[in-house]
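Please examine the sequence and the coordinates together before reading on. The explanation below is intended to be followed with the structure in view.

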Amino acid sequence: MCTNCKKPYYITTAIAYTSGKPHIGNTYEIVLADSIARFRRAEGYDVRFQTGTDEHGQKIEEKAEAAGVSPKAFVDQVAGQIKEIWDLMNTSYDKFIRTTDPDHEAQVQKIFKKLYDQGDIYKGYYEGLYCTPCESFFTESQLVDGKCPDCGRPVKPAKEEAYFFRMSKYAPRLIEYINTHPEFIQPVSRKNEMMNNFLLPGLQDLCVSRTSFSWGIPVSFDPKHVTYVWLDALTNYITGLGYDCDGNHGELFKKYWPADLHLIGKDIIRFHTIYWPIFLMALDLPLPKQVFGHPWLLQGDGKMSKSKGNVLYADDLVNVFGVDAVRYFVLHEMPFENDGVISWELMVERMNSDLANILGNLVNRTISMTNKYFGGVVENKEAAQGDEISLDEDLKASVLASVQKTVAKMGQLRVADAITAIFEIFRRCNKYIDETMPWALAKDEAKKDRLATVLYNLTEAIVIGASLLESFMPETSEKILAQLNAEKRDLQAMDSFGKYPSGTKVTEKPEILFARLDLKEVLAKAEEIQKAQMAAHGAETGEAAKEEEKEQVIDLEQKPEITYDDFAKLQFQVGEIIACEAVPKSKKLLCSQVKVGSQVRQIVSGIKAHYTPEEMVGKKVMVVTNLKPAKLAGVLSEGMLLCAEDSEGNLALMKPEKDMPAGAEIC
């Protein structure tokens, strides 16, 4: 199919904020987008894949000042680091945009002026509670426990002159659009959250300029103001295609807009499904076809922290496991809607079981047997009789079904399920080896044609699986196909089984695709990496900061004095968490089943930002067991888990110093 005849497909990621090096959770998004872009190309689309960096704002200005460099020098260094990691992960983006690019800045100024001239932007002043890391204002009612509802950090009062966008003017139109385009916001749970929590209660006008810092794009007609983050950052999706506010759009914009898919983290879905569509409506531009808010990839032993040395970076993981193993893990381990978990232990387990055993060993065995029994030549003798026929047909049907399942899952953006479908091919091949026992066939000269047929079927199945794998593990796919002396099979050509040319010769010495790893050795490397992180953190923050952190104390306002009789009314016991799950439609709540003595109590706790359900299971915790039952978010809670909280809002469950039985009294 000629390039000009292909249907265009435009996919973008959120642009990475240049406040520091991206960890593996940030890197997950670019790998996810790359797998979708590659698969769409395999389906025959003319794909445009854009990513980049968000480089303005107060946080950048403060970090640059602390580093003793200009904001531009600071973002140049970090943007370069981000791009290096994106390239390291073998991502096939077509455009890496920076919001400091002159053409982007010029268009942002034009957009701001256009929206002002048509009455969508007006001047006022903002007084509210400001979160610097999120660069967002909030009202008192929007805070959660007095802190930022998005990141949980402290906020501070702020007041300044600002320009505002009239969001309410377009809200009814956006509500109607979402209701008539059910595919627009995915997953559906994100759509419900946006409608119920933000749109239906009524939108406030949005602050779109700042005067309290200078690192931003100046408002052309009022230069003491700089454009506030979202009107600057979100427009990258059109400026990167050559959008021109004067109407002289570039050919890429004419060809690819509207975007087929904005891929973003669930934490910024509000900005992409409310602010961005309204900006586009005001500019009289069509809306993107779909916005997908993917879940988070969390560290297995708690929240990532530089001071703890448990932040996982892509380059560190690649040095231990290799690029494709890291790609496989972050894609395969992330559910469609719920957060995924990553740890050194889990990666070693997947490396040894899935990659080294199921895939690597299969390819190696097949090539080695072909070399041993047939001098490396693969021939389809079509020799099967009796039960052998059904074995072959079952293999073929299973492989072709997996192809269709992979396509269907990718159509739904269920990437983890698509990879599982591909590995079903490799699992089925291993089962086919056990069923046909090639080593036994080799002992009987009369079974030579049957042996050749078995090895042909295995080779053909592996070629199909390896071709499908290219979107997710491109280097591995290429290595497998090279060893089998095969071209990558087009997706459209996977409609039947048996297209591998009979008589082809495979490589003489198969390469070990994935070597098994020793967990102890990997954990030793991980410890070295963590020590280096902590040392770098110490150098970054200074010895004084380390001492302050080490000696940190918290003084609380004292509550009214109580008597011993008051205290004795409370019953504290040790509980063991035997099951835990997130509470639907809640950002903060986890629902735990807690064994206390011979009873199991259901306890709802606002600790979702600090623990995953998987982390909770098996913990021994301190429980208030005679608290009157209450409903939280519609779920009955029959007690309270005790936690400690530091000055930054981090929580830690209170646990007995020694292992105590569930139900033990705390006195």
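The paragraphs that follow treat the nonpolar cores, the helix packing, a pair of contacting residues and some backbone features in turn.

The model is a predicted one. In soluble globular proteins, nonpolar side chains tend to be buried together. Here the largest nonpolar core comprises 105 residues, and I36, F321 and F472 have the most contacts inside it. What does I36 touch, once its neighbours within four places in sequence are left aside? Its contacts are Y9, I11, L261, L263, M410, L413 and V415.

I36 also takes part in the packing of two helices. Two packed helices are described by the angle between their axes and the distance between the axes. For helix α1 (residues 24–42) and helix α14 (residues 387–411), the angle is about 125 degrees and the axes lie 11 Å apart. Angles of 65 to 115 degrees count as roughly perpendicular and those over 145 as roughly antiparallel; α1 is therefore oblique to α14. The crossing of α1 with α14 is left-handed. On the α1 side the contact involves S35, I36, F39 and R40, and on the α14 side T406, V407, M410 and G411. By type, the residues of this contact comprise four nonpolar, three polar and one charged.

The axes of helix α5 (residues 171–180) and helix α10 (residues 269–282) come within 10 Å and cross at roughly 110 degrees. The two helices are therefore roughly perpendicular to each other, and their crossing is right-handed. α5 contributes A171, R173, L174, Y177 and I178 to the contact, while α10 contributes T273, I274, P277, I278 and M281. Eight of the residues in this contact are nonpolar, one is polar and one is charged.

Helix α10 also holds R270. Is this residue buried or exposed? R270 has a relative accessible area of 10% and so counts as buried, since the cut-off for burial is under 20%. Apart from neighbours within four places in sequence, R270 is in contact with F138, D150, M194, F198 and Y275. Not counting residues up to four places away in sequence, D150 touches C134, F138, R270 and F271. C134 and D150 are 16 residues apart along the chain, and their C-alpha atoms are separated by 7.5 Å.

Helix α11 (residues 314–321) is mostly covered, with six of its eight residues buried: A314, D316, L317, V318, V320 and F321. F321 is also among the residues with the most contacts inside the largest nonpolar core. Just after α11, G322 has a positive phi of about 95 degrees. In helix α18 (residues 474–483), the buried residues are P474, T476, S477, I480, L481 and Q483. These buried residues pack against α1, α12 (323–332), α13 (344–374) and α17 (448–469). N485, which follows α18, has a positive phi near 55 degrees.

Most residues other than glycine have a negative phi, and most peptide bonds are trans. Where does the model depart from the trans form? A cis peptide bond joins Q186 and P187, with omega about -10 degrees; P187 lies in the loop between β8 (185–186) and α6 (188–199). The peptide bond from W257 to P258 is also cis, with omega near 10 degrees, and P258 is in the loop between α9 (251–256) and β12 (261–265).

E382 has a phi near 50 degrees and is found in the loop between β16 (377–378) and α14. With a relative accessibility of 66%, E382 counts as exposed. A633 has a phi near 55 degrees and sits in the loop between β22 (630–632) and β23 (635–637). Its relative accessible area of 54% places A633 among exposed residues as well.

Methods: Residues numbered from 1 in each chain as written. Predicted model: local features only at pLDDT ≥ 70, side-chain atom pairs only at ≥ 80, totals over all residues. Heavy atoms only, no water. Contact = heavy atoms within 4.5 Å. Axes fitted to C-alpha atoms, helices over the stretch in contact; angles between N-to-C directions. Helix = DSSP H or I, 4+ residues; strand = E, 2+ residues; numbered from the N terminus. Parallel < 35°, antiparallel > 145°, perpendicular 65-115°, else oblique. Left-handed = near helix turned anticlockwise from the far one by under 90°. Nonpolar A, V, L, I, M, F, W, Y, C, P; charged D, E, K, R; others polar. Core = buried A, V, L, I, M, F, W, Y, C linked by side-chain atoms within 4.5 Å. Buried < 20%, exposed > 50% of the residue type's maximum accessible area, 1.4 Å probe, protein only.
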